[in-house]
Amino acid sequence: MLTSVLFICLAVTFEGSPNWPAFLGSGSQNLSSETLPLTWSPDENILWRAEVTGHGQSSPVVWGDKAFVTSVQGPMKETWLTTCFDTKSGQQLWQKSLPNSTPVKNSYYVSRAAPTPVVDSERLVVQFESGDCVAYSHSGELLWSRELAKDYGPFEAEFGLGASLCQSGNLVFALLEHDGPSCLVALEKSTGKTAWKADRTPRRSWTSPAIINVGEEPQVIVSSAGSIDGYSPSTGELLWTFADIGGNTGTTPMDCGQGRFLVGASAGRQGENADAAKDSNCMMQIEKLDGVWQATKLWANDQANPSWASPILHQGFAYWVNRVGVIYCIDAKTGEQIYAQRSSQSCWATPFAVADRIYFFGKDGQVTVLAAGSEYKVLAENVTWKVEDLPPDTSVAAEEETDEQRQRGAAMFSGPTLYGYAVAGDRFIVRIGNQVICIGG
């Protein structure tokens, strides 16, 4: 299927940084609310919509005037796809395919191109849940590829791997966690060769590693299923570990500056992690005392209970949102709850904060914009699409699911789902399974 641009408006200007180089925008700078849209609808401020071949759950990444997304195609997920779009027009610039080294049934209940890639000034590095990893130039030239399952697998993951990549300097970091022997691997961006590998115990988790700056020293921090661990980016040395944590299986550590970061933890689908999660939605502090790295929990809030959206910090307040759309505002110094208010939708994407606004991207396309601060004040409620305007998801036959739990999963995923977004200068680029939608002022 060729990508088609459904609606185009070219009278757009860029301000601030157009780069969104990794999952959750790690490394993006100079964003301004003055040019980002406050309000939109399916008929207003939608600059373009473009079809994506197949289906993908990853977020877009952006470098300059190029946005990159990944997807999977085929009844056995036979083909991985990477597509590059022009951020101004929505035109598809190139698309590359890669054979899946370990095909499995394409299902609503299993990861479908879930890991988000990373991009820098020279290349795009992509990893899929099979462990297939590939690098392309910005123009789509193949630079290198690897099958990580050959070296570090097989991967015993009922629901597929979900961790996105993160990067620092000339290295990219892949977290390969599953029911078998797991690891954190650093790859050279230029060659794909392994720089180091740190073994990890088997666990079921879909969290992504993050680069957290502690003073002048970045660390690779992994918050995952019963521990938080800090690694040296250059050597893979385990610098410290913190085990008084639980339910941390779906969110990414969020850098708060000065060696602090937020951790999100969920009770779990059946409430299996409820007790541990109550004391695990917290603010952590990393510092070096007498030459030894130490991790300390500064505070925890026993009410916040996210699902997939990571907590964020903005202007002295921390924000969590759970699977039914309750937004928790927490004093970032004390952990005291300021308010808890039900919004209109469940949010799977992490909120985005800039200046006086916080955007909560609802799973079904409604985006609530709140005023930053201690008062719950709705600035806008935006609808991003009309279901009838979108092509149906034909990549999976829902009726083929026979297990009752998987049928419930199929029902949850069968409609258009806002998985993630990127910020490109003065616009949002949001991702659903088979569409990319660009929103501007």
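# Meeting the predicted protein chain

Asn 106 counts as buried, at 4% relative accessibility, because the cut-off for buried is under 20% relative accessible area. That residue is a friendly place to start a tour of this model, which is predicted. The protein chain as a whole has three helices and 32 strands. Its radius of gyration is 20 Å, close to the 22 Å that the globule rule gives for 441 residues, so the chain is as compact as a globular protein of that length.

**The chain as a whole**

- Along its principal axes, the C-alpha atoms of the protein chain fill a box of roughly 60 × 50 × 45 Å.
- Of the 441 residues in the chain, 58% count as buried.
- Take the contacts between residues at least 6 apart in sequence: 56% of them join residues at least 24 apart.
- The accessible surface of the chain comes to about 17,100 Å², and carbon and sulfur atoms account for 47% of that surface.
- As for charge, the chain carries 32 positive and 48 negative side chains, and the centres of these two sets lie 2 Å apart.

- Asn 106, the buried residue from the opening, is found in the loop between β5 (92–99) and β6 (118–119).
- Leaving out residues up to four places away in sequence, Asn 106 touches Gly 74, Pro 75, Met 76, Lys 77, Arg 112, Ser 395 and Val 396.
- Arg 146 sits in a strand, namely β9 (residues 142–147).
- With a relative accessible area of 18%, Arg 146 falls under the 20% cut-off, so this arginine is classed as buried.
- A polar atom of the Arg 146 side chain lies 2.9 Å from the backbone oxygen of Gly 192.

**A cis peptide bond at Pro 154**

- In general, most peptide bonds are trans.
- Gly 153 and Pro 154, however, are joined by a cis peptide bond, with omega at about 0 degrees.
- You will find Pro 154 in the loop between α1 (148–152) and β10 (166–168).
- Is Pro 154 buried or exposed? Its relative accessible area is 62%, over the 50% cut-off, so Pro 154 is exposed.
- Apart from its neighbours within four places in sequence, Pro 154 is in contact with Ala 149 and His 178.
- Ser 190 is 36 residues from Pro 154 along the chain, and the C-alpha atoms of the two are separated by 25 Å.

- Most residues other than glycine have a negative phi.
- Asn 45 is not a glycine, yet it has a positive phi of about 70 degrees.
- Asn 45 belongs to the segment before β1 (46–51), and with a relative accessible area of 22% it is partly exposed.
- Ala 225, which is not a glycine either, has a positive phi of about 45 degrees.
- Ala 225 has its place in the loop between β15 (217–224) and β16 (227–231).
- At 30% relative accessibility, Ala 225 lies between the 20% and 50% cut-offs, so this alanine counts as partly exposed.

**Gly 226, between β15 and β16**

- Gly 226 is likewise found in the loop between β15 and β16.
- Gly 226 counts as partly exposed, at 26% relative accessibility.
- Which residues does Gly 226 contact, leaving aside its neighbours within four places in sequence? The contacts of Gly 226 are Phe 242, Ala 243, Ile 245 and Asn 248.
- Gly 226 and Ala 276 are 50 residues apart in sequence, while their C-alpha atoms are 8.9 Å apart in space.

**An exposed loop residue: Gln 258**

- Gln 258 is found in the loop between β18 (254–257) and β19 (260–263).
- The relative accessible area of Gln 258 is 68%, over the 50% cut-off, so this glutamine is exposed.
- Gly 215 is 43 residues away from Gln 258 along the chain, and the C-alpha atoms of the two are separated by 6.4 Å.

Methods. Residues numbered from 1 in each chain as written. Predicted model: local features only at pLDDT ≥ 70, side-chain atom pairs only at ≥ 80, totals over all residues. Heavy atoms only, no water. Helix = DSSP H or I, 4+ residues; strand = E, 2+ residues; numbered from the N terminus. Rg over C-alpha atoms; globule rule 2.2 N^0.38 Å. Buried < 20%, exposed > 50% of the residue type's maximum accessible area, 1.4 Å probe, protein only. Contact = heavy atoms within 4.5 Å. Areas by Shrake-Rupley, 256 points an atom, 1.4 Å probe, with all protein chains shown as cover. Lys, Arg positive; Asp, Glu negative; His and termini not counted. Charge placed at Lys NZ, Arg CZ, Asp CG, Glu CD. Polar contact = N/O pair within 3.5 Å; in protein donor to acceptor, adjacent residues only side chain to side chain.
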